[in-house]
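Let's take a friendly walk through a two-chain model together. Have your viewer open and follow along as we go.

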Amino acid sequence: MTLGDTRYTRCFRIGVVPVRIDSTDRGVIEQYTSLYRSRLVDDAGERAVRVSIRRPPRPLWHRRRYDVIVGERVQFEPARRAEVLPYVEWAINWEVPRALPEYLQLHASSMQVDGAGVIFPGESGSGKSTLTAGLLARGWKYLCDEFALIHAETLELHPFPRAICIKKPSLPIVARLGLSAHRNQHHIKGGKGLVGFIDPLALGPDGVGEACPIRFVIFPKYVAGAMPTLEAISRAEAAFDLHRVCFNLFSCRAVGLDVIAGMIRGAACYRLVAGALRATCDLVERVVRGAA
Amino acid sequence: MSDSAGRVNEQAGPCGTDPPALEKARVRGYTDPCHPSGLRHRDDVTLHELDGEALIYDPATADTHRLNETAYFIWRLCDGLHNELHIAAALCNAYEVAPDEAAAHVGGLLVALGQRRLLAHRPEAGATHAGATP
């Protein structure tokens with residue numbers, strides 16, 4: 001065996017998601033491990049999401065320097081080290097529905113407060129992650145900034161506490177709340193540009209929540225300078241919009257719409273116009289904690 | 001026939017529709033309100049009722065549709081026992097809307113349901129049925 005053949009492997013358990021990462025590039029592995037050190041486990045098990053990062057022997061002028069591989073397929077080909085971590089996260093996200101088909105995966109950040117699950121469904125740019133960071137700083141428990149994992153049988157919301165991905169312009173805002181980008185590093189994430197990753201446990205070991213019933217479904221839409229407002233909507237309207245942000249409506253072990261309809265019967269549903277973070281968090285807290 | 005508040009006169013005719021309107025409907029080809037071959041929605045879809053509204057999943061197209069309260073009200077009456085006129089009359093009664101408004105609403109929704117292939121049976125305009133005189 002030559003030095004070039006050395007493969008580094010690390011296993012993690014990020015909430016309910018077991019992850020196994022290996023790479024021939026030690027720097028890449030260390031980068032990921034430093035972010036998820038508290039989730040290191042000896043063995044991720046057979047059902048783990050498996051991601052490999054390779055640095056194939058390509059000529060220096062070649063633009064693609066890394067391969068991010070899921071299964072046997074190259075999913076992403078980042079050009080720079082600063083792009084690798086976001087693509088690894090992306091690859092893991094894509095694999096979760098296949099590895100854990102018992103969960104319905106919605107594009108929504110998810111939090112827990114006073115035992116109640118709250119999900120914030122929305123497309124990229126709707127302000128999910130920043131709102132999540134703001135609520136985390138107020139003592140809410142973090143479940144995930146990008147996904148709501150709903151167990152198809154229990155209809156409970158489960159944690160997948162990946163690092164919170166915040167766009168560079170929003171980093172100073174969450175830094176004022178005591179949440180700094182891990183190692184103050186910036187990464188390059190596709191169309192989002194520069195981002196920083198925030199460890200949800202940065203504020204304390206109790207920052208991550210547990211499985212819980214969903215009691216609130218709040219669709220955020222960030223509008224710069226807007227006065228935050230919350231408007232109640234019907235459960236049918238919310239369920240319809242939720243099915244449109246579901247990643248595995250047809251590949252989940254149960255019928256996706258059945259899960260959404262079952263889950264939403266116990267939830268109050270709102271549309272949120274999000275403005276300044278503090279005022280938005282005030283409003284959401286008032287409604288959620290008031291109702292609870 | 002309806003009163004000033006838009007309520008259908010229950011004594012006006014069979015199933016609450018007035019005879020001239022019923023005759024007009026016959027000419028247009030719709031079934032008698034009491035005839036069991038009226039409008040019928042598909043039964044092979046999955047329906048979830050949520051607080052008086054509904055989500056419908058169509059396995060044939062993998063599309064999901066949302067019906068608001070009045071749309072779901074109309075959907076439920078598309079049971080093979082009612083026609084468009086009768087459903088409009090029922091809508092008048094239930095929601096206290098003017099007959100013209102109810103008819104337009106029902107007509108619009110039926111067109112939408114038809115376009116989405118969610119109706120199993122809708123008598124075609126110009127068609128006749130047993131016992132009807134064109």
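First, some ground rules. This is a predicted model, in which local features need pLDDT of at least 70, side-chain atom pairs count only at pLDDT 80 or more, and totals for chains, interfaces and linings use all residues. Residues are numbered from 1 along each chain as its sequence is written, chains are lettered from A and ligands numbered from 1 in the order in which they are written, and side-chain values use heavy atoms, with hydrogens and water left out.

Let's begin with chain B. It has four helices and six strands, where helices (H or I, at least four residues) and strands (E, at least two) are DSSP runs numbered from the N terminus. From the N terminus on, their order is α-β-β-β-β-α-β-α-α-β. Of the 134 residues in chain B, 44% are buried; buried means under 20% relative accessible area, with a 1.4 Å probe and protein chains only. Now look at helix H2 (residues 69-77) of chain B: seven of its nine residues are buried, so this helix is largely enclosed by the rest of the structure. Among the buried ones you will find B:Tyr72, B:Phe73 and B:Trp75.

Next, turn to where the chains meet. Here 13 residues of chain B are in contact with 13 residues of chain A, contact being heavy atoms within 4.5 Å. Together the two chains bury about 1,200 Å², 67% of it on carbon and sulfur atoms; this is the accessible area (1.4 Å probe) that two parts lose on being put together, summed over both. The count of salt bridges between chain B and chain A is two, each a side-chain nitrogen of Lys or Arg within 4 Å of a carboxyl oxygen of Asp or Glu. In one salt bridge, the side chains of A:Arg235 and B:Asp51 meet at 2.8 Å, N to O. On the side of chain B that touches chain A, strands S2 (46-50), S3 (53-58) and S4 (63-67) each supply at least two residues.

Finally, chain A. Strand S17 (residues 268-274) of chain A is joined by seven bridges to strand S15 (residues 212-222) of chain A, running parallel, and by four bridges to strand S16 (residues 229-232) of chain A, running antiparallel. Two strands pair if DSSP finds at least two bridges between them.

Technical notes. Buried < 20%, exposed > 50% of the residue type's maximum accessible area, 1.4 Å probe, protein only.
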